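Here are a few exercises to work through with the model open beside you. Try each task before you read its solution.

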Amino acid sequence: MMIFAMRLRGALNGVKTNPGRYVFVFGFLALVYWATFAMTRRAVRFLYSYEVVDTIDLASAIAQRSLEALFIILMLGVAFSVLTTAITTLYSSEDLPFLLSLPVPAVQVFYLKVTETYLNAALLPAIFTLPVLVGVGLELGAAPSYYVISLAAVLALYAIPVAIGGFLSLLLMRVAPAGRVKEASTALSVVLAAGLIFGLRALRPEQIADLSPEQFRIFLERYASFEVGWLPPSWASQAVWSAIGGDVSAGAYFLALLSLLLLWMMARFAAFAYREGWVRSLESGTPKLDPTVRPAAWWERLFRPLGRTGSIIVKDIRLLVRDPTQWSQLLVLVALAGVYLVSVGSVQVELQRFRDVLGTLNLMFLGFLLAGVGVRTAYPIVSLEGEGFWMLRTGPLSSTSIVMSKFWNALPVMAILGFGLGYTAARLIDVSPTLAFVSPIAGLSAAIVTTGLGIGLGAAFPRFDATNPSEIPLSPGGLLYMTLSLAYATLMTLVLAWPAWQTLRRPGEFYWSQPEGLVLLGLITLLTLLVTVLPLLLGSRRLAQYEPGS
Amino acid sequence: MIEVHDLAKRYGRIEAVRGVSFTAYPGEVLGLLGPNGAGKSTTIKAITGLIRPTRGRVSLAGYDVVKESVAAKTHLGYVPDRPYLYQKLTGRELLRFLSQLRQVEDGAAKAQKWLEFFSLQDFANELIETYSHGMRQKLTFIAALLHDPKVLIIDEPMVGLDPRASKQVRQLMIDYADKGNTVLLTTHSMEVAEAVADRVIVVSKGAIAGEGDLEALRQQTGEGNLEEIFMRLTEEASQTRASEQEPTPA
């Protein structure tokens, strides 16, 4: 308990030191909580009043299956993130040697570490589940005990993947090459997560829209009677559903028992493994003796004409390729692009004018997609300098040079993606020539702007202390980036709605060959440059004023 | 040459450095000494351009660190107290990157020369993440010396170095200053300061408590060795500061 109290004190001191960041995080969570809660209530109300679902039992079964599906997805999410978390908190955390030197049994230290692992991996999914449970409870008039039982069921449910992930991480430490366990676990987690995203999208839920009312009713009945088997997610949903009427189901007891048992075993096993020196993969590899004077690689020389910018790009490419926490972000990018193309490709519209309307709206979605990619690629780049930023800062280059070298580094990938997706989407939707011409241009414009916004705001709000690239956008700067990127995508769609409208009115004409079209292209170029350059200037100015520890 | 004039740095209500002025001349090793929290690191960070002074002016080799930062930093070599380097680069790749960044002519040959000097040539093709603390410290020294800077600033030079490397670094600082360069070092080791510094500045509570060569400081304090001088000066500074902060009777 003393160790727990010490950690709690540390956390509270952290809040006092940097209250702004915590206010932002809690504010953001409150917003998400409210939105999820409101949507859940609406969904439940709709389900119980929907005319196709003519019995309460069916509605109840559908709601229960949906809850199970949510539990499974969030459990998988916990399972994918827990590998890296478990290694970091259980074995490589900086306070572990200190804690183990205290006059308390080692296993007690590992109870604390297991709790930490659990909180780090499962707290966020639990927070996201909570408004769903509260929404369901309020809408269905649940008994007061429901709120306690359902919360306990969810907490117990997410303990299972945490414990399994903990055991897996130990296995990984036995088999991964020395010093490479974190890389291996990060890569594995991200590959699995990207697979999950793509897999979920591959189910193509939009097919439901093509069903007739009768087919839809049959689909709902099958869905309602679908059982995942007597497994933890169904125990949890049973526990939640029984608790609405004030009962405690057998599943609730099983769940509580299993999760406590697994967490207890995990702590004992982790203590044993640490004591027995199983964690060899955490040790750095021994440097090999190799006095060869290796020259620059051939590809490195290609960047020489770019001078200092080129040398920074070469360095960043090397770090990207060698650091799984960085290159794994690209997998998420590929998964997002894949999901986008699958979605666009699945759209079947007969009439040309509807295809054109869809093509115009698609430009906004493309902008949103690029904003999502930029937040993982462009925005973190400056912060990825990390603690090594002093080398650039004390070097003979201005903050503008640093910011611009990062911009040129991120732009090619973003530009290829924006242009390529814009071009491919226009072909897949089969829009008319006016929109087919401007679609890749709009994609390119969104790519340039999101890169400028990402690098500029990333430099204006750097987080050199972040341990993982995915943490970097979780800041007011990241939120500002997302807001402005989405606003730009909306603005660009509104601007391009005019040529789209002209195409609908005069289908045969190619708008961009007319003087008005050329003026509009010029305006789009100007807008792109303006919205790109301004954040870069801001970032450069703020980076020059940046002070370590500020 | 390093010129620091009336340097002050305030963090909110705390004034970490209060009007510090000094000059480090070419050909000189200047030691900046002081207890923990005296303001040494803040002074060093202001000189290297890592932080902006609240008041005052700093110039390196005649260039203002704030107004002509790029020109000033061209002549700067810096060894920080904690050698954070890019973990996923090899030692040689890091030195190549820094040579290109600083536009060093014949950077590869110079890097090899320094790698051999610090006996790191056998490890230069390995990732920095596999290096020990001492190896990283040596690599940081090489990174600072690669472009033959006129001003070398070293924050706690001996941390993590083995006795052989420590001796090498001491001699290196003396030899480097003898070539007409300026070396500024901060250290908690009186032994190191006494061995290499031509002159020392003792900082306490954000202000200079004493300045001069060892002989001048002996005369000023009446103490024998640098450790006793240091203790006397920092105690006096603490007392002076405490009396300054006492409320004046109405």
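**Exercise 1: a sheet in chain B**

In β9(B), Leu32(B) has Ile201(B) as its bridge partner. The model is predicted, so to speak: local features need pLDDT of at least 70, side-chain atom pairs count only at pLDDT 80 or more, and totals for chains, interfaces and linings use all residues. Residues are numbered from 1 along each chain as its sequence is written, while chains are lettered from A and ligands numbered from 1 in the order in which they are written.

Task: find which strands of chain B make up the open sheet, and in what order.

Solution. Strands here are DSSP runs of E with at least two residues, and helices are runs of H or I with at least four, numbered from the N terminus; two strands pair if DSSP finds at least two bridges between them.

Step two: extend to the whole sheet, whose 6 strands have the order β6-β7-β8-β3-β9-β10 in chain B, with mixed pairing. The edge strands, each pairing on one side only, are β6 (76-79) and β10 (207-212) of chain B. Neighbouring strands of this sheet are turned by 15 degrees against each other on average, direction ignored.

Helix α1 (residues 40-48) of chain B lies across β3, β6, β7 (151-155), β8 (182-186) and β9 of chain B, and runs at about 150 degrees to β7(B). Axes are lines fitted to C-alpha atoms, for helices over the stretch in contact, and angles run from 0 to 180 degrees between N-to-C directions. Contact between two residues asks for C-beta atoms, placed from the backbone, within 7 Å.

**Exercise 2: the side of chain A that touches chain B**

Task: find which helix gives the most to the side of chain A that touches chain B.

Solution. Begin with the contact itself: 32 residues of chain A meet 34 residues of chain B. Next, look for helices that supply at least two residues each on the chain A side, among them α12 (307-322) and α15 (389-393). The most comes from α12(A), with 6 residues.

**Exercise 3: a helix pair**

Task: describe how α12(A) crosses α16(A).

Solution. The axes of α12(A) and α16 (residues 399-429) of chain A come within 9 Å and cross at roughly 55 degrees. That makes α12(A) oblique to α16(A), since angles under 35 degrees count as roughly parallel, over 145 as roughly antiparallel, 65 to 115 as roughly perpendicular and the rest as oblique.
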